Amino acid sequence: MDMEIPILKGRKVVVGVSGGIAAYKAADLTSRLVQAGAQVDVVMTPAAAEFVRPLTFQALTHRPVALEMFSLWQETEIGHVSLGKRADLMVIAPATASTLAKLAHGLADNMLTTTALACRGPILLAPAMESGMWANPATVANMEVLGRRGYFSVGPDSGRLASGAEGVGRMSEPDAILDAARWVLGRNGPLAGKKVVVTAGGTREAIDPVRFVGNHSSGKMGFALAYAARDRGAEVTLVHGPAARTAPHGVRAVAVESAEQMQAAVLDAAVDAAAIIMAAAVADYRPKAAAEHKIKKTQGEMALELVRTPDILAAVTTRRAQSGSPRVVIGFAAETCNVLENAREKLTRKGLDLIVANDVLAADSGFGVDTNRVILIDAGGGAASLPLMSKQAVAETVLDRLAALLGRC
Ligand code: PMT
């Protein structure tokens, strides 16, 4: 699996750590940002250094940690405003009630608040505090002020707090903060202002209340596409079948079960969309009627009468013929043999601009796994065979093609 994330690669990210018990999670966040390819500088408040030693962050980033406002050495090496000035993004995690209050009032009394005040890039806050402090009108007002000034925020979540009590105030998990950071960085990307519909996962066609006809789709490919589209600034609607995954930050997720429900959600979202990418494994057949109660077994055999489900892509391209929208339609083709020929036939029959032909028989490709082996076939007949890649890398390539197709429209 690639650890690098294109939207973070080479970006200058300042992680500001203020003094709360969640400071230990900032180490994990920092490590993930470094692994994603970002150049990370850490700024700590003196209180944060009581919870986690600066050396931890220095070891993770291989860069000096900014802590002392009036250190001669740090002033020459770092400068009290230079980190903020050159940052593409500052993430303050945890952002305590005290730090939020200082930011809301423009105080610059430690390295973190000074860096934030000098920061020219966007600032993402990950608040963490006791529920009472979070609900306090002073904190609520401070968050409102910061929101109006363009600060972004993620969390806090509900759960177990440092006191042992349950409530709102837990800092979001490092994964969720990293995801929000990607959204912030990508929001002015090449697909900014464009609506993109992505489908993911498999559909389930009910036989009775407890059984269904389904397939092995995990949703990994479709979710990776949603991340890649979101990271380019697109307004993404992700229509997905049952999947135990969290939707990417900033993405509108619509959960469905059956092919019919997926068609309704897709057609609804596609009305003013610029593009649609159908990675979902949609059932081609469903039981003619779902039994109202659980079907009891008998000694004999049982036959299931199946009828066709709607072809969602065909419905999308038929409507496009009348309305012109969505401008770009991309499908996938899950194939076990004659991959190229079968995919080409689907591209033509469904009226697509691009089809991602997917060899789903190989153990490292297709359903459930983290990697994929695909051929990109365009409407002009051109075919590009990609090597075995992570699904994230496949998604990035597909999104690059989508951006090029939209550029040509
Ligand atoms: O979810 P993962 O575990 O990560 O697996 C990824 C994947 C293998 C599901 C994915 O890479 C993939 O190949 N998706 C397409 C699966 C599929 O249904 O292929 P198909 O050849 O049967 O359908 C062709 C196209 O028509 C697809 O874009 C499909 O979404 C669409 N379709 C199919 C049936 C239907 N009734 N309506 C449709 O629109």
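Student: Which residue of strand 13 does Val-196 stand opposite?
Tutor: In this predicted model, strand 8, which covers residues 195–200, runs parallel to strand 13 and is joined to it by four bridges. Within strand 13, the residue that stands opposite Val-196 is Ala-275.

Student: On the other pairing of this strand, what is the bridge partner of Met-278 in strand 16?
Tutor: Strand 13 also pairs with strand 16, residues 328–335, in the parallel sense and over four bridges. In strand 16, the bridge partner of Met-278 is Gly-331.

Student: Are the residues on the two faces of strand 13 buried or exposed?
Tutor: In a regular strand the side chains alternate between the two faces of the sheet. In strand 13, residues 275–278, Ala-275 and Ile-277 lie on one side while Ile-276 and Met-278 lie on the other. Both faces are covered, and these four residues are all buried.

Student: What is the phi of Gly-233, which follows helix 11?
Tutor: Helix 11 comprises residues 220–231, and Gly-233 follows this helix. The phi of Gly-233 is positive, near 95°.

Student: Which residues is Leu-89 in contact with, leaving aside its neighbours within four places in sequence?
Tutor: Leu-89 is found in strand 3, residues 89–95, and is buried, with a relative accessible area of 0%. Once the neighbours within four places in sequence are left aside, the residues in contact with Leu-89 are Lys-12, Val-13, Val-14, Pro-122, Leu-124, Ala-181, Val-184 and Leu-185.

Student: What distance separates the C-alpha atoms of Leu-89 and Ala-281?
Tutor: Along the chain, Leu-89 and Ala-281 are 192 residues apart. In the model, the separation between their C-alpha atoms is 37 Å.

Student: Which residues form a nonpolar patch on the surface together with Leu-306?
Tutor: Leu-306 is found in strand 15, residues 306–308. Leu-306 counts as partly exposed because its relative accessible area is 39%, and a residue needs over 30% to belong to a patch. The patch has about 400 Å² of accessible area together, and the residues that form it with Leu-306 are Tyr-285, Met-302 and Leu-304.

Terms used:
Residues are numbered from 1 along each chain as its sequence is written. This is a predicted model: local features need pLDDT of at least 70, side-chain atom pairs count only at pLDDT 80 or more; totals for chains, interfaces and linings use all residues. Side-chain values use heavy atoms; hydrogens and water are left out. Patches are made of residues with over 30% relative accessible area and no salt bridge: like charges are joined within 9 Å, nonpolar side chains (Val, Leu, Ile, Met, Phe, Trp, Tyr) within 5 Å. Accessible areas come from the Shrake-Rupley method with a 1.4 Å probe; for residues, only the protein chains shown count as cover. A salt bridge is a side-chain nitrogen of Lys or Arg within 4 Å of a carboxyl oxygen of Asp or Glu. Buried means under 20% relative accessible area, exposed over 50%, partly exposed in between (1.4 Å probe, protein chains only). The expected span of a helix is 1.5 Å times one less than its number of residues. Two strands pair if DSSP finds at least two bridges between them. Contact means heavy atoms within 4.5 Å.
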